[in-house]
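Please look through the model below with these notes to hand.

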Amino acid sequence: MRAATEADVPALAELVRRGVETYVAFMPAGWATVDHDPMFGPDYVRGQLRTPGVWTRVSEDEDGIVGFALFLPDEDGVADAYLASVFVDERRWGQGLGRSLLAAAMDEMRRRGHRTARLWVARDYERARRTYEAAGWRPTGSERVYALDGTPLAEYRIEL
């Protein structure tokens with residue numbers, strides 16, 4: 001694993017797009033990603049990488065970036081850190097990469113002195129929720145809907 005760089009921005013944005021496209025497996029019939037979602041754009045990812053206090057790690061194989069994690073200070077002030085992204089290429093699912101990226105992020109949160117963290121995950125994404133819960137994250141019961149594509153989201157928090 002290594003820190004993400006500006007040169008990684010297109011690959012990270014593409015990995016986010018491909019990751020969200022897999023939601024079709026658990027979302028209601030007719031759901032689809034929205035091509036104009038800013039999360040899929042290099043400018044959005046570049047903005048995250050330039051945020052003061054951001055932390056990233058990418059994992060690569062012979063074909064390029066296959067996973068990444070990113071957290072930043074929680075701008076809403078609900079927690080110390082906000083885990084904005086953990087994405088793993090579908091072809092690498094089940095190999096422990098997501099757990100490794102999540103553990104690295106949590107270790108760094110602790111190293112930085114963060115006491116609490118939060119994240120939002122697609123409510124019906126059982127695979128991701130199991131990963132977070134196995135690492136000690138717990139649902140708060142708070143939910144919202146991602147306005148661009150209608151994805152129901154569930155909030156998770158952890159005491160570090």
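1. Strand E3, residues 81-88, gives the most to the lining of the largest pocket: seven residues. Keep in mind that this is a predicted model.

2. The largest pocket holds about 1,200 Å³ of space. Its lining runs to 48 residues, and the closest to the pocket centre are Ala84, Ser85, Val86, Phe87 and Trp120.

3. Helix H1 covers residues 9-21, which is 13 residues. From first C-alpha to last, H1 reaches 18 Å, close to the 18 Å expected at 1.5 Å a residue.

4. Which residues of H1 are buried? They are Val9, Leu12, Ala13, Leu15, Val16, Gly19 and Val20. Viewed down the axis of H1, these buried residues fall within an arc of 160°, so they line one face of the helix.

5. The buried residues of H1 have several packing partners. One is helix H2 (42-49). The others are the strands E1 (55-61), E2 (64-73) and E3. E3 is also the strand that gives the most to the lining of the largest pocket.

6. Check Glu108, in helix H3 (residues 97-111). Is Glu108 buried or exposed? Its relative accessibility is 11%, and buried means under 20%, so Glu108 counts as buried.

7. Leaving out residues up to four places away in sequence, Glu108 touches Trp55 and Phe71.

Conventions:
Residues are numbered from 1 along each chain as its sequence is written. This is a predicted model: local features need pLDDT of at least 70, side-chain atom pairs count only at pLDDT 80 or more; totals for chains, interfaces and linings use all residues. Side-chain values use heavy atoms; hydrogens and water are left out. On a 1 Å grid over the protein atoms alone, a cavity is a set of points where a 1.4 Å probe fits but cannot get out, and a pocket is an open set with protein on both sides within 12 Å along at least five of seven lines; lining residues have an atom within 4 Å of a point. Grid points are joined across faces, edges and corners, and a volume is the space filled by probe spheres set on the points. Helices (H or I, at least four residues) and strands (E, at least two) are DSSP runs, numbered from the N terminus. The expected span of a helix is 1.5 Å times one less than its number of residues. Buried means under 20% relative accessible area, exposed over 50%, partly exposed in between (1.4 Å probe, protein chains only). The arc is that of the directions from the helix axis to the C-beta atoms. Contact means heavy atoms within 4.5 Å.
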